[in-house]
2 protein chains.
Amino acid sequence: MTDNNTVTTLERIANLLRIHSIEATQASNSGHPTSCSSMAEITSVLFFNVMHYDPKDPRNPAADRFVLSKGHCAPILYAAWAEAGAFPVADLKNLRKIDSDLEGHPTPRLNFIDVATGSLGQGLGFACGMAYAGKYFDHSDYRVYCVLGDGECSEGSVWESFAFGSFYKLNNLCAIIDVNRLGQSDPTPLQHDTETYRKRVDAFGWHPIVVDGQNVNQLLAAFKEASELTDKPTCIIAKTFKGSGLKGIEDELDWHGKPLGDKAAENIAHLRALVDEATLVRPQIPKVTAKVPELKKDKQIKLSSPPNYDGKKEIATRLAHGTALEKLGKGCEYVIALDGDTKNSTFSIKFRDAFPNRFVECYIAEQNMVQVAIGIATRQRYISFVHTFAAFLIRAADQIRMGAISFTRVKYVGSHAGVSIGEDGPSQMALEDFAFFRTVPNIVCFYPSDAVSAERAVELAANYDGAVYIRTSRPNFQILYKNDEVFEIGKAKIVVESSNDVCTIVAGGVTLHEAIKASEKLKGLGKAVRIVDLFTVKPIDRDTILKAVNATQNRLLIVEDHYSEGGLGEAVMAALADQTNIKIAHLAVLEVARSGKPAELLSKYGIDAEHIANAVEKLL
Amino acid sequence: MTDNNTVTTLERIANLLRIHSIEATQASNSGHPTSCSSMAEITSVLFFNVMHYDPKDPRNPAADRFVLSKGHCAPILYAAWAEAGAFPVADLKNLRKIDSDLEGHPTPRLNFIDVATGSLGQGLGFACGMAYAGKYFDHSDYRVYCVLGDGECSEGSVWESFAFGSFYKLNNLCAIIDVNRLGQSDPTPLQHDTETYRKRVDAFGWHPIVVDGQNVNQLLAAFKEASELTDKPTCIIAKTFKGSGLKGIEDELDWHGKPLGDKAAENIAHLRALVDEATLVRPQIPKVTAKVPELKKDKQIKLSSPPNYDGKKEIATRLAHGTALEKLGKGCEYVIALDGDTKNSTFSIKFRDAFPNRFVECYIAEQNMVQVAIGIATRQRYISFVHTFAAFLIRAADQIRMGAISFTRVKYVGSHAGVSIGEDGPSQMALEDFAFFRTVPNIVCFYPSDAVSAERAVELAANYDGAVYIRTSRPNFQILYKNDEVFEIGKAKIVVESSNDVCTIVAGGVTLHEAIKASEKLKGLGKAVRIVDLFTVKPIDRDTILKAVNATQNRLLIVEDHYSEGGLGEAVMAALADQTNIKIAHLAVLEVARSGKPAELLSKYGIDAEHIANAVEKLL
């Protein structure tokens, strides 16, 4: 049992956090004080009794983790960290100001935030990744806590994470659902039906505990119960009230995302009386006691052996990717791979077979997979490579978007890009992957066109301190480069050239090989062309392209196994936008594709050698 | 009870469908015969006993619907339709050929397919949309059936759909999970644990029935039980075996997505003996008995009254959208709106308030919302407008991608685009929406910049026979157009011009208004500019842009509240790629944004009037 003094203190701190949430949102004239209020006791108990952490060293890798999945409650989270001593309480009033990192929703610009939240339903997956890393990679005792809103439990990604958490027996993970009954525009579908939440959580293999979420005693008991479980994660289903403790506001609709306005003063006065700050003695925050192993961090992560191809055998870049990943794993103990039940297609299976303890099978749940990868990659301890068909990676588009706001360094690897996959048909063909991935700020987008460059792409990806996308291909490709060829991010390669080239062709993957075939035909007609392999589509090697184009009578053809929007074509056009005098043609997929043999499809959609040769002739 | 003869016949048909699946995948040398085999009895029972439909009129709006969520089992679906008489059985061997519509995964190129599947976890949401339309819009007795794989039940979207189905008491909906234990690269996480499936389905409010999925009698009884429910949907959890009935293959790993090869002949011979086709009498397919109301379909859907703005009040395009949608609803009874608990922000609430029976609250589950919208829009009866923040629409990117392969005419409406939303911060700002939506073949992407054009965008969207994206904005904008201004898809407007313009500016939404401000400043400096409002970013009005640029000394500035990739800038550059002599500059958001006031953010990210004016001066 907990003594009365502790309980009373935590209740008073809860109200103090309410006050800060109201005042900060009054100052910013926007924000979500009522959603903060419902989780005031949960926050107070977690930050001032349950969690082991160091407010002065918030990214201590051995500390407990906290993820606020309902990111719109940032004000109360900031208030807790401020009251814990991470930064001055007075700064709370800078909420949402342009020169403050106390943004409307939490981002890792703040050193006490590991992952950005604010797009709902994502926090639990991040927390799963952290808990998986804690249990299986760090073999440590730190625990992971995640507060979810009830509204966001409608997101399927949440149930992907529930399934993941129980499958991997993440007993170091505790979710708390703040069941405050009200969404943005209406009551939530389940309102206060905590019994249905209990059944769902139980059916998904977690230990459910239903509590009065405004009751400190019940919360303390629940967190203790959670910490004693050995075989499954716990979910505390906390029945609360939106605007809890706020007169005329509690449990009322139409108070979502609104400061209290002229109801603020009265409520603050009432809460201040409950807090009596003059006599409030804040409890000691539990010290970090867990240990994490030290990881041998090399300055440069290297393939254990260089690419080794005989140059005659054709190899798929997806296979070379698997080979390289396995080689990286040999040299570097903090490289991790994840896959969504496609490992025998993406060839991440090569890594799994070599390092089964550093491979996470995520099954067919791409959103959670990406969330887990982002969670694993937090605090810069591990580097996660995520795999599935490129077409299905986009299932996690919103997670990848949020990953960018988290400044994650996850490496996304999408296989089976383009119509060149053949018979499986359009549902399996990524034709918009570059359009989406290119929008991620500071990402590197690799598009290797042979096995040698694919291996080097993986090596460069591991060393890049940011997000990466690698597009791999299904068909086998001829080897283009010598095994000792050196590759760099943002440096293109000229794969075909002569002194009298009349046109430059930029291509990638299957279309690069088609371009080479076309160049042979064109050469026979006395029309030599120069061919550029971009290697990275972002950043793009403007100089090499421009030099090539200028040397080839300012003619440029871009050809890609991608829709015409947002891919290689538009990337190159944008890079050359300030240039005049360049005549550009572009071949790309212009309609919904269909099933067929790869060669038939390349022809049908106008991106094979014949169409390339014709397009060059038309440009001349 | 069902007579023995019926049961025996359905068993024989099941084996006949197995044979077709094996033979078709042998012919194409690719495909998934083992995944087909596990669902052979389910398919036989549904298509030859349970479902009411007309093989000669497969899109009859009163017929029962069937959705194959596990789209890779297309061969057995095609076999069922062929055996039912929809097309010659001999055609089955054209599976996956480029000149056949019998693609690797089903698409509505076939008249008996309503929705494309093949990206897993989507079928149930489509089926929910169809069932919702049947129960609440058509008020009809037709039923909807959906077969899911067990592997795809890891997808969260499936659980969004389960939650939706029970919340709306879709007793006309029956899901069947083909629990065949094996995924692509490994056993599924739950393998044959049907009890856990039962608990999950029950907790999500459906009526669960566990059966031996290879047992025709049990299946018949289960479908009967399902048809008698009045208050909830049913989920039949069918324990099956992958490769069921195939010697040396049944229940074995490593047989995913592979034709039987040299094991085919022996298995076909064995199955043929069981079928004894010479004596097989196919049962009569149950006739369509349900009725659907006739909808008054106007050739032209019109706003009930034209835009009516006084030109002085500033209005947000999201509000004008809501106004227009309400006006459309007045004139047209088959316009439907959906929202994901943001209706008071997107202003779809105006439609909800006017037509509560045609509004579907989908809660915070964007994937299912889009799936429901696509399901509702099948068979061309209803036109669905889907709403949420543009940033969260991308949560359904894979659904929108599959919607394109379904040739859906859903209208996606994303509000709160760009940094101009202000204090909420980057998690709520869509800055990649156009990059993604522009890739959808044949989509129309509207970007209205004032209330008048926003209303007309909605009207044009409703009349367009294809997918549409409308980007609406949070801030209030000045009215730019007269109430009787006429708008067309693919026609830009010149909003500022003079006879001596020195540069053209292309902009949209908030940046268009910033450009106008900049033009006033520049005019004062004696530098007149021409300003183009694209209205539709796709298709793009190349002629108007080119004419403007040519008339303004071939100088062009594009400015957008979007990342630099894939938005207005690259769209315009691509349209002008064949032009030489044009000098282009581009202002866009180049990094992860942050919280702040809209004006501060426009300035910080370099897309406000001042930056525009400077960029123009630099171009001169």
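So, how many of the 620 residues of chain A count as buried? The share is 69%, with buried meaning under 20% relative accessible area, exposed over 50% and partly exposed in between, using a 1.4 Å probe and protein chains only.

A quick word on the ground rules. This is a predicted model, where local features need pLDDT of at least 70 and side-chain atom pairs count only at pLDDT 80 or more, while totals for chains, interfaces and linings use all residues. Residues are numbered from 1 along each chain as its sequence is written, chains are lettered from A and ligands numbered from 1 in written order, and side-chain values use heavy atoms, leaving out hydrogens and water.

Okay, overall shape. The C-alpha trace of chain A spans about 90 × 50 × 40 Å along its principal axes. Chain A has 22 helices and 19 strands; those are DSSP runs numbered from the N terminus, H or I of at least four residues for helices, E of at least two for strands.

Now contacts, meaning heavy atoms within 4.5 Å. Take those in chain A with a separation of 6 or more: 79% of them come from residues 24 or more positions apart.
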